[in-house]
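Colleague: Please take a close look at one interface in this model. What holds the two sides in contact, and which residues take part?

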Amino acid sequence: MAEAARVNPLVPQVGRITRIIDETPDVKTFHVTTEAGKPFTPMPGQLAMLSLLDVGEAMFSITSQGLEHLELAIKKVGMLTDALHEAEPGQAVGIRGPYGNGFPVEELKGKDLLFIGGGIGLAPVRSLINYCIEHRQDYGHLWIIYGARSPADLCFKDDLFKNWPQVENCRVDVTVDKGDAEWKGHEGFVPAFVEELHPDPAGKVAITCGPPIMIKFVLQSMEKLGYKDEQIITTLEMRMKCGIGKCGRCNLGSCYVCLDGPVFTLAQLKQLPNEY
Amino acid sequence: MKGIQEQMRARARELLAQGAVQMVIGWEKGTFWYLSPPAFVTDPEDCDRLVWDEFCTNNLAKYLLDYKHTGDRIALFVKGCDARGIVRLLQDNQIDREKVYLIGIKCPGVKDGRQAAALGEARRGEVPLAEKCRYCTHPEPVLYDELLAGDAAAREAAPGEGRFAEVAKVEAMSPDERYAFWTAAYDRCLRCYACRNVCPACNCRECIFDRSQSGWCGKQMQRSENMFFAITRAMHVAGRCIECGECERVCPEGIPIMALNKKIIKDLNELFGEYEAGVDLEKMPPLGQYKLDDPEEFH
Amino acid sequence: MQRVLQYMGLEPERFQARWVSGSEGPRFAETITRLTEDIRALGPNRKLRDGA
Amino acid sequence: MVAAAQHPHIQLVTYAEVENVAGYVGNFEVTIRKKARSVDPVKCTGCGTCWEKCPTKVESEFDLGLGKRKAIYLPFPQAVPAVPVIDREHCRQFTKGKCGVCQKVCPAKAVDYEQQDEVVTEKFGAIVVATGYDLFQWEEVYGEYGYGKYPDVITGMHFERLNNASGPTGGKIVRPSDGKEPQTVVFIKCVGSRDEAKGKSYCSRACCMYTAKHAHQVLEKIPGGQAIVFYMDIRTPGKAYEEFLQRTVHEGAVYVRGRVSRVFQEGDKLIVRGEDTLLGRQVEVAADMVVLATAMVPSQGWDQVAKMLGLQADKDGFFQEAHPKLRPVETFTAGVFLAGACQGPKDIPDTVSQASAAAVKVCQLFAKDEIATDPMVAVVDESICSGCAMCEKICPYKAITIKTITERVAGKQVSRRVSSVNSGLCQGCGACSVACPSSAMNLKGFTNEQILAEVDAVCL
Amino acid sequence: MSVAAAEKGWEPKIVAFCCHWCAYAGADLAGLNRLQYPANARIVRVPCSGRVNPQFVLRAFQRGADGVLVAG
Amino acid sequence: MLKIIRDKLPELLTAWARGARVLVPRERGGTRVFLPWEGEGELALGQGNTLEPPKDLFFPRTETMYRYQVQGKDASLAEEPAADARQVLVGVRSCDAKSLAIMDDAFLTKGYVDEFYRQRRENTRVIALACTEASPTCFCTAFGIDPGRAEGVDVQMWPVEGGYLLEAVTEAGQELLRQAGDLLAEEGDAQPPAAAVPPLQVDVSGVTEKLQRMFEHPYWTAVSRKCLGCGACTYLCPTCYCFDIQGENQGDSGYKFRCWDSCMFSEYTRMAGGHNPRPSKKERLRNRFLHKLQYFPERYGKFACVGCGRCLDRCPVNVDITRVIREVKEVTL
């Protein structure tokens, strides 16, 4: 960390949005790069502070990366995200990171992985899915269970319906809370869907992310299915400002989500105060 | 004063034991002899914590907001200014009259803990009345369900003049002197918002100063934004200030906040006729309504 | 409002309220002219200002 | 009037007062107190037997005290509906408990002494305010015209009654004091109007023409009669108005430019002393009768009407139209329209035009099931609103009400009060957004954020 | 911009909040009648002078206005 | 050991002020705070501690981080030049000296170094002043702090009859004393005066462990009832270091700054969508105490409280951390 000390961690690099993909009516994926190329090389599950300099700054999970760019999938929820959704390719942004611990890619090696995502919660998980696909030989069976409110709200449709199903030893199951005239897939909430699909806990690690209410019921379902707390990994969301464990607000007990998280096993979370 | 304290404890015990109320809010002895902070009693056995002495300064009315949605009925001891705080909250539709039980105390005036601390316990008898109490116009509660026996006669009748002495002093200055006076005061402001949080007129669900995103006021602690806060806060309580003096008391930096509040009271009195906030449930503050015959300072 | 700003140390001329009706073009022009002159006489305002 | 009463879609409610107006455009709820007439309008045929037989005589309000009416009476001969009303203050049955003549003589058995006031609440889509005018109370301020103590100093309205074929004198112009026909009649214009010192600053607008008419009538009806008109200016804008004035002048009416400084009695005559400013000398006229053209003022009770409907009034109490040029019959309260002198002094053709316009505005409103409102309306952020109701009290258009919402807080159902804006009523003035202590109230199109940004921008 | 830098060639900066119906119309009319008035006033149109929050005035001073007019 | 007579102290300060900004407790509006020494005026070294802790000098209330320009889609930013001015901080009490060590942990360790803080910290020399009298609200000894000798400072001062004794602790401290020249006289056999004995006593042993099992305890509801939720305690606390990052935008340009923030405020943890993990003052007050007495010790091995008593002194409702510690130890789980 000696040389890192000379770089001011609170000052972002100026980058640009190079591409914007409409995922759902309120989610867009932004490709961000700097003149020097990729702003930094994050590990799956890590975070980036993205800012429109004249609007504000917020922490987002990095959903994927290319050789030259980072991808962030962002849902419209407030002032900054509203402004980002108005932006066009070419827009200059501030970006700093990577932050957080990321997924324990080493520990997961050789295991079968069950990904459970809901809505925008697929964004952080996707970075790990893509990582596992890149390092396909290191990981066992990949099983992706994903749901959204409606067919229109499904994020990363190309991945869900084209890319991932083609990957070897990979299974994708998609559900929506309520379908429409064209929807031929499964209808129902994610937790019930998980119970229906009944993924066997043996040799598996489950990675789940989604809205708090979904997580709550998914965890109940997982317990029913026999998953142990150590077998469940989730990522948390918090209000963050500094990203480097100083400013104080994202603490869970003595952990800072921006530094020690956002990825926790359920076993770890149960040790921490329930304040998220 | 012993009498009042005993009555307080006895009534609190009865009310809690009968189940007439779920909580009693009063005062208890604090860390030091000169502190009597608020006390919240829910157990009839616990009522001997309650005290009544010259340091029972805190205005308790504001706490009712914390229990707005609990459905509990709460008994509250009210001095004159506490009762006016209650009236303000009622006028702003913040609390249900049925959910509070007010036990009035004829207030002989309270004393300032900080002045007391400076004098020392040996000279307890010499601690002067708090500034706000010297010009108090309503030592007896304006609203109550029962009134504890005792009398407020310990203090001379409220002198009318002097109430705005501080204001007159500032008014006498030149604009530049005034600006220097206020910036010197508000340069010290920490923006801890204690003045806001203690004020019974500040009862917004969410203060604009807690919503920096809304763009009203930045969070920078600097002169212009501190002054923005100062003026905005003062305008906000305009016509609603009950002169309980709590804002000034709680200010850790000792900013003369009441000199600003009183200026507005004085002006409103001049413009719209004498009005005392929180005295009469039926009389709404002059700025909270419009009348065809409102005076205009437009030209 | 004017009184409070004055009390905080602002010169009274700096904040004014005027009635000007929709049919009073000349009055509007006159109001602005007078205000501008008042303020020109006072000089730049540094009070209540960011960065001051 | 008769046609209106007979129209199948028009319901005429007479002898009634509007007590309250709630609701908003398209959904007004009007509370009407129908006062007890003591006569069943359904049974009554309007035959007139009752008022013929009634033994009590009272001064007629309609004739301004120039004539008498009975205690059971029709306010005026052409009144619609032709159903009499009992004046309970004077009727012997009510004051002394005995008489009952009218009940006995009524062939239709329509008289009912037990009748009570009836209060009804009905729904209406729009309201046209046509509360008209009263006359300026000159007696109190124009001491120089005799403080109202000379019976032969009358107003133009009295003159109208005298002149009316169905009036107290059968259309004969006579002096109220002795019933003699006056020879010299002096008219004084601008009594109360255009007189900022004592009366109103505005021009009452109709007086020039009716005074010309009255002068013409004096000359026409009274052989050898003389009409002298004191005026400040003569204003005759209107089709054929100037021509009419000229005709009166040609017929012999004497127009004197100048104000009257005093009227006093000398024997049988009223001496009118004034100045002829054109000749620059004092004039004195010994008149038999003096007719004052008093100013029109808004009907008594205009302030209650304004409050009830959320109308604004000018300094004199005339209701304010939504825009002086472009929206002259609308008010700031959606669905409320103005017709006639309640908006300002007017003569008959203007009143009819405005009334017709108001009627058409109503038709326009009713032609659609939905109305388009201005997009600049107030909106509440319920998450911030603390329900203090400051906005409700400050809203000049009564567009804000307090409603109760329920939400989950920490897993518990909690209900609390918040403001709610009726966008049909809101006129977008923004007063509420300033009154709101929490800035929960905002104005679309002029949001706090937008204005702050604009302030920032103009200050660059 | 610092206060000192702003002082060179200083011209009063006036923020005028004008009621859409009254003063703003008055300003329009002044324009129509080709009346000269100083260009120092920067007009912010509001639907009604009652829309002017005290905070808007404060903000104007914060941002460097030398004078503020509310015209209704 | 060196001694300076009281009247000469201003001269010494002036000497130091030639190469640095000297900050020393002075009177301002009826309260004492660290203010720059500009050669004249009264000092307020005697009457107990300052109202505001010196943390502002390392971690300013508001600090610009960088400026930016935005034009259409383009943007650029420039870092604010480093705060490299030298500072000499005179008259720091042992409690506040200890707080600097706590701030150092927060800002300089655990993977990231806060450059803004580091610059100021490295450029500041600290001269401590021993306490011989304690305020009623003092309880520094509860945290093992010696009011008679501060930790981690460059020079230690003691008030004595007619002046002050000084002792350099670090190399930099010696340099400072050398600058004093003949203002100082050698007092070979002088003994530092006896340290003050704080009147408030509280035993903090075991409190961290107890708190670890008390997160859901109803005690927090009871203790938070009277709290007003203001930020006075946090802003006056020498060890509270929470901050917020915000921007100030005007037209095409603006700057990002950081400013003090308080965990007592509702906005502090509220997320963009409106969810707030610490929705009421109970959670916020709990977090404050747990941070001081449990989380910080867990993470950095020391309490984040130095017993300066400022929060206790200025709390409008007498929320008393010593009482909380005592009560926490007493409550039954």
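Modeller: Chain F and chain A bury about 4100 Å² between them, 55% of it on carbon and sulfur atoms; buried area is the accessible area (1.4 Å probe) that two parts lose on being put together, summed over both. In chain F, the residues that lose the most area to chain A are F:Lys73, F:Tyr112 and F:Arg299, together 18% of what that side buries. The model is predicted, so local features need pLDDT of at least 70 and side-chain atom pairs pLDDT 80 or more, while totals for chains, interfaces and linings use all residues. Residues are numbered from 1 along each chain as its sequence is written, chains are lettered from A in the order in which they are written, and side-chain values use heavy atoms, without hydrogens and water.

The contact (heavy atoms within 4.5 Å) takes 53 residues from chain F and 46 residues from chain A. Six salt bridges cross the interface of chain F and chain A, where a salt bridge is a side-chain nitrogen of Lys or Arg within 4 Å of a carboxyl oxygen of Asp or Glu.

On the side of chain F that touches chain A, α8(F) gives the most, with eight residues; helices (H or I, at least four residues) and strands (E, at least two) are DSSP runs, numbered from the N terminus. That side of chain F divides into 23 nonpolar, 11 polar and 19 charged residues. Here Ala, Val, Leu, Ile, Met, Phe, Trp, Tyr, Cys and Pro count as nonpolar, Asp, Glu, Lys and Arg as charged, and the others, Gly among them, as polar.
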